[in-house]
Amino acid sequence: MSLRNISTKKDSIKISDEIDKQRIPEHVAIIMDGNGRWATKKGLPRSVGHHKGVSVLKEIIKVSKKIGCKVLTVYAFSTENWTRPQKEVDFLINLFEKVLKKEIDDIHQESIKIKFIGELSPFSKALKSIINISEALTKNNNNFTLNICINYGGRQEIVKVAKQISQKTFSGEIKPSDVNEQLINSELLTQGLKDPELVIRTGGEKRISNFLLWQLAYSEIYISEVFWPDFDEFEFCKAIIDYQSRNRRFGGIESLTEESFKDSSCS
Ligand code: IPE
Ligand code: IPE
Ligand code: MG
């Protein structure tokens, strides 16, 4: 079955059979967008969309594990999201704490390593504490890694790396000529992680919104028109199948034969 023929949810049972098990992206990143619009469209408060978004995340973790992804990195709160009305910000931060407390035992049972990526200092003691507990509890789980980006911004991350590297250069620990991509990778909040092969954005917006600016350099981008609270196994598998049809060239070309390249410049 080609992706074109998969149009109804009825096909969702079969859709995972369409995934090429040999080409599963190891690391998938998701911009979970559209909670507010989903709720507003239904005449509900935006908070209902955020709530529903949590159960969708649980489903997507299960599916990505099932199909063989190893790392899922989700964008839950950006450095710019503080500019939202205080009530929404408070609601979201409370939600993170409540959900983490409720789910951490199951996360551990499922052998998932959980990590939080972002500047955590502005969060409450209670949230930071449950984050520390959860990361410590699950740190040796090696089945699957879930990274949750909160108070995360790609530019802020790069600024932080620049500061760390300048400090090391200033103290003589390294020389300016030691600065290379490998060193920058090792200073990023995502250190040790392979770059995502695929980034999915739900909710239809065609932008990155300050997410993993360095790491997404060659990631395949998949935009889903579906709002995050309506995203599900079917939509996720569609994204994976679409990814599998891509020709990843990394700036190169597939093959170069004498015939396919002729110097066309005027002689
Ligand atoms: C994504 O949904 C969740 C967060 C940014 C916290 P939004 O809240 O951005 O929902 P829309 O995009 O306004 O619909
Ligand atoms: C990106 O969504 C951030 C998260 C999903 C956490 P936003 O809703 O904040 O992004 P913009 O405002 O549409 O760019
Ligand atoms: Mg949004």
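This is a predicted model: local features need pLDDT of at least 70, side-chain atom pairs count only at pLDDT 80 or more; totals for chains, interfaces and linings use all residues.
1. Residues are numbered from 1 along each chain as its sequence is written, chains are lettered from A and ligands numbered from 1 in the order in which they are written, and side-chain values use heavy atoms, with hydrogens and water left out.

2. Ligand 2 is surrounded by I31, M32, D33, Y75, A76, F77, N81, R84, R201, R207 and S209 (each with a heavy atom within 4 Å of it). Sorted by class, that shell has five nonpolar, two polar and four charged residues (Ala, Val, Leu, Ile, Met, Phe, Trp, Tyr, Cys and Pro count as nonpolar, Asp, Glu, Lys and Arg as charged, the others, Gly among them, as polar).

3. Have a look at the oxygen atoms of ligand 2. A polar side-chain atom of S209 lies 2.6 Å from one, while D33 has a polar side-chain atom 3.2 Å from an oxygen of the ligand, and so does R84, at 3.2 Å.

4. The space taken by ligand 2 is the largest pocket (on a 1 Å grid over the protein atoms alone, an open set of points with protein on both sides within 12 Å along at least five of seven lines; lining residues have an atom within 4 Å of a point; a molecule sits there if more than half of its atoms lie within 2 Å of its grid points). Its lining has 44 residues, with M32, L57, Y75, A76 and W228 nearest the centre.

Technical notes:
A polar contact is a pair of N or O atoms within 3.5 Å; within protein, one must be able to donate a hydrogen and the other to accept it, and residues adjacent in sequence count only if both atoms are side-chain atoms. On a 1 Å grid over the protein atoms alone, a cavity is a set of points where a 1.4 Å probe fits but cannot get out, and a pocket is an open set with protein on both sides within 12 Å along at least five of seven lines; lining residues have an atom within 4 Å of a point.
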